[in-house]
Amino acid sequence: MAITKVCGIETEYGISVLGSPDANPISVSSVLINAYVSEAAGRVGWDFETESPGNDARGFSFETPVNVEMETHLVNTVLTNGARLYVDHAHPEYSSPECISPRQALMYDKAGEEVLKRAMKASKRFMPPGQEIVVYKNNSDGKGNSYGCHENYMMDRSVPFAKIVKQLTPFFVTRQIFCGAGKVGTEAPGSQGAVRFQLSQRADFFEEEVGLETTLKRPIINTRDEPHADATRFRRLHVIIGDANVSEISTLLKLGSTAIVLSMIEDGMLDEVELQILSPVYALRKVSFDPGLKATVDTTDGRSMTALEVQWSFFDVAKKYFERDGIPSVGTLEEVTELLELWEDTLTSLESDPMALRRRLDWVAKMNLVDGYKERHSLGWDDPKLAAIDLQYHDIRPEKSLALRAGLETLLDSKEVGAAVFEPPKETRAYFRGKCLEKFGDSIAAANWDSLIFDTGKDPLRRVPMMDPLKGTFNHVDGLIQKSNSALELLEGLGA
Amino acid sequence: MVEREQKRKSQTQRDSEELHEEDVQAKNESAEKLKADLDDLLDEIDEVLEENAEEFVRNYVQKGGQ
C-alpha cells in the first residue's frame with residue numbers, strides 16, 4: 001500500500017528594491033524576513049540595527065514566542081504554522097510545513113504568499129524614503145538566472161530509486177502542460193529569438209536527466225537524499241522541476257497529480273506501462289516551446305506522442321487506481337475525487353480549447369494577457385512591455401499583480417488562508433513544532449524539520465526527535481501541550 | 001488508452017451535435033462578451049503596468065538560486 005503522501009512546497013521568491021536596483025539581495029532578503037518576524041511578534045519599535053543577520057546564531061532564540069533561529073549564519077526562522085522562512089541563495093524562501101494532502105499543501109503555499117505580502121508591508125519602515133522591497137513569485141529574471149520552487153513528497157524507502165526515475169520522468173516532462181507558469185521568450189542557450197512564448201518558466205534551465213545538483217546542470221529528477229525523517233522507512237522526494245504557480249488550480253493539479261503518480265509507482269500500477277521518453281531533456285524543452293500543444297516526443301519503443309497523450313496515459317491508470325480503493329494516500333475520498341475531475345477536465349479542455357482555461361492555468365492566463373496586449377498595441381514579440389507583463393504577472397502586491405487581474409478561479413477561503421499563516425496543520429508533526437513555538441518559544445533553542453531542542457534553563461539542552469512526519473499531530477500531543485505549564489512539564493509528559 | 005480515446009471521441013461528438021443545435025446568435029453574443037472582457041482586462045493592464053517597461057525589465061536582475 002502506498003504511504004501517505006505528506007507533502008509541501010518551498011519557494012524562493014524573486015526580490016528587488018524599487019528605487020535601488022543595485023541593492024544587495026542578501027541584505028534586502030534579511031531585512032524583509034526580520035521585518036516580518038518583528039511585526040508578527042508585535043514588537044513595534046524593534047531595533048533592527050541591533051540584530052545582525054550575519055551572526056551565527058546557533059541555538060540562540062529571538063526571545064519571542066513566534067520564532068527561533070535555526071542553525072545557520074543567515075536569517076532563518078520557524079513560524080508558528082510550522083513553516084520555515086529564511087534567506088537562501090540571495091532569495092527569501094518560504095518552506096511550507098509538512099501537509100497531509102495536496103489540498104492542504106495548496107493552502108499552506110498560499111499562506112506563504114500571505115506571509116511575504118505582510119513582510120513587504122512590514123519592511124517599509126526599515127527602508128530609506130523612496131525605496132520599497134517587492135517580491136515576485138516566479139522562477140527567472142529573463143536574463144538566464146533561475147531560482148526554484150521545489151515540491152517534497154514522502155515516499156516509501158523500499159521503492160527502488162531507479163524505478164521512480166524510470167516511471168516518473170515521462171510524467172515530469174509533460175505535466176508542464178497544466179502546471180507551467182508561462183514565459184515570454186526563452187533563456188535556453190542557442191534558442192533565443194526562436195521562441196515567442198513557452199509553457200514553463202523552468203524548462204530552459206534543465207540539462208540532466210538525474211542528478212544531485214540544484215543550482216547548476218539541473219536534473220529532471222533530483223537525487224538529494226535528505227529525508228528529514230527515519231531514513232530506514234522514508235524517502236523525501238525532492239522535486240526541483242516545477243514552476244512557482246500563482247494559480248490555485250495549477251498548484252493543486254501539480255501537487256495532486258504528482259502525489260497520485262508517486263502512489264501508483266509505490267503500488268506497482270505503472271510496472272506494466274511501457275512508456276519511456278527518448279532524450280527527456282530535449283523533450284522537456286520541445287514540449288515547453290509549443291503552446292499549441294502539438295509537439296510530439298519520441299518514446300523508446302518507437303512511438304511519437306504529444307504531451308497530452310502522455311498525460312492521458314497516466315490519467316487512465318490513475319482512474320483505474322482510484323476505482324480500487326479511492327487513493328487514500330493522497331487525501332479524503334472527496335479530495336481525490338475533486339482532483340481526478342479537475343485533472344480530467346483540464347486535459348479535456350487542453351485538447352479541445354486551451355484558451356477556455358485562461359481563468360484556471362497560469363500559462364494560459366499569461367498568454368491571454370500577452371497576446372491580447374500585443375494585438376491591441378501592435379507590438380513585436382521583443383517589445384519590453386510583453387516581458388514586463390510576464391514579470392508583473394508574478395508581483396504578489398495586490399495593487400500590482402496581473403495574475404490577480406486575470407480573474408483566476410480560486411479554491412480556497414481567504415479566512416482559512418489567513419488562519420494558516422499562524423496555525424499549523426493538525427495532521428502532521430508540524431503541529432508539534434508550531435504549537436511548541438507558540439507556547440514555549442522562550443525555551444526552544446533550535447528547531448529543525450525532524451527535531452526541537454529545548455533549553456529549560458538548568459539541564460543540558462534536550463532534543464526531542466520527530467522522525468515520523470505523521471507523529472506529533474493534534475491528536476497525539478494537543479492534550480499534553482494544553483496541560484503543560486512549562487517546557488519542563490512538556491518534556492516530562494513526553495518522557496523525553 | 002484506446003478505450004479512453006473512444007470515450008473522449010464520443011463525448012466530443014455529443015458536444016458538437018449539441019453545439020449545432022445552439023442558437024448561432026447566442027454564440028456571437030458570447031464571443032462579443034469574451035472580447036469585451038478582454039478589453040476591460042487590457043484597459044486595466046494599461047493602468048497598472050509599470051510605466052517604463054524597458055527600465056523595469058532591465059532592472060530586474062536576480063542572483064541564481066536553486
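# Briefing on a predicted two-chain model

Four bridges join strand β10 (residues 206-211) to strand β11 of chain A, and these two strands run parallel. The structure is a predicted model. Chain A contains 15 helices and 17 strands, whereas chain B comes to three helices and zero strands. The points below take up each chain as a whole, the contact between the chains, and then selected elements of chain A.

**Chain A as a whole**

- The radius of gyration of chain A is 23 Å, close to the 23 Å that the globule rule gives for 496 residues, so chain A is as compact as a globular protein of that length.
- Taken along the principal axes, the box filled by the C-alpha atoms of chain A is roughly 70 × 55 × 40 Å.
- Of the 496 residues in chain A, 53% are buried.
- Among contacts in chain A with a separation of 6 or more, 69% are between residues 24 or more positions apart.

**Chain B as a whole**

- Along its sequence, chain B shows the pattern α-α-α.
- Buried residues account for 12% of the 66 residues of chain B.

**The contact between the chains**

- Chain A contributes 38 residues to the contact, and chain B contributes 23 residues.
- On the side of chain A that touches chain B, two or more residues come from each of β2 (14-18), α7 (307-325), α9 (362-376), α10 (384-393) and α11 (402-405) of chain A.
- The element that gives the most to this side of chain A is α10(A), with seven residues.
- By class, the side of chain A that touches chain B consists of 14 nonpolar, 15 polar and nine charged residues.

- Gly142(A) is located in the loop between β6 (132-136) and β7 (149-156) of chain A.
- Because 22 C-beta neighbours lie inside 10 Å, Gly142(A) counts as buried.
- Leaving aside residues up to four places away in sequence, Gly142(A) touches Glu187(A), Ala387(A) and, in chain B, Val57(B).
- Gly142(A) and Val184(A) are 42 residues apart along the chain, and their C-alpha atoms are separated by 8.6 Å.

**Helix α7 of chain A**

- At 1.5 Å a residue, the 19 residues of α7(A) should span 27 Å, and the end C-alpha atoms of α7(A) are 28 Å apart, which agrees.
- The buried residues of α7(A) include Ala307(A), Leu308(A), Val310(A), Gln311(A), Trp312(A), Phe314(A), Ala318(A) and Tyr321(A).
- After α7(A) comes Gly326(A), which has a positive phi near 80°.

- An antiparallel pairing over five bridges links β1(A) with β7(A), and Thr11(A) stands opposite Cys149(A) in β7(A).
- β1(A) also pairs in the antiparallel sense with strand β5 (residues 91-95) of chain A, over three bridges; in β5(A), Ser95(A) is the bridge partner of Glu10(A).

- Strand β11 (residues 218-222) of chain A is mostly covered, with five of its five residues buried.
- Val210(A) stands opposite Ile221(A) in β11(A).

**The sheet β15-β16-β17 of chain A**

- Three strands of chain A form an open sheet in the order β15-β16-β17, with antiparallel pairing.
- The edge strands of this sheet are β15 (444-448) and β17 (462-465) of chain A, each of which pairs on one side only.
- From one strand to the next, the twist averages 15°.
- Four bridges connect strand β16 (residues 451-454) of chain A with β17(A) in the antiparallel sense, and Ser451(A) stands opposite Pro465(A) in β17(A).
- Helix α13 (residues 430-440) of chain A lies across β15 and β16 of chain A and runs at about 160° to β15(A).

Technical notes: Residues numbered from 1 in each chain as written. Chains lettered and ligands numbered in written order. Predicted model: local features only at pLDDT ≥ 70, side-chain atom pairs only at ≥ 80, totals over all residues. Pairing = 2+ DSSP bridges. Axes fitted to C-alpha atoms, helices over the stretch in contact; angles between N-to-C directions. Contact = placed C-beta atoms within 7 Å. Nonpolar A, V, L, I, M, F, W, Y, C, P; charged D, E, K, R; others polar. Rg over C-alpha atoms; globule rule 2.2 N^0.38 Å. Buried ≥ 20, exposed ≤ 12 C-beta atoms within 10 Å, placed from the backbone. Expected span 1.5 Å × (residues − 1).
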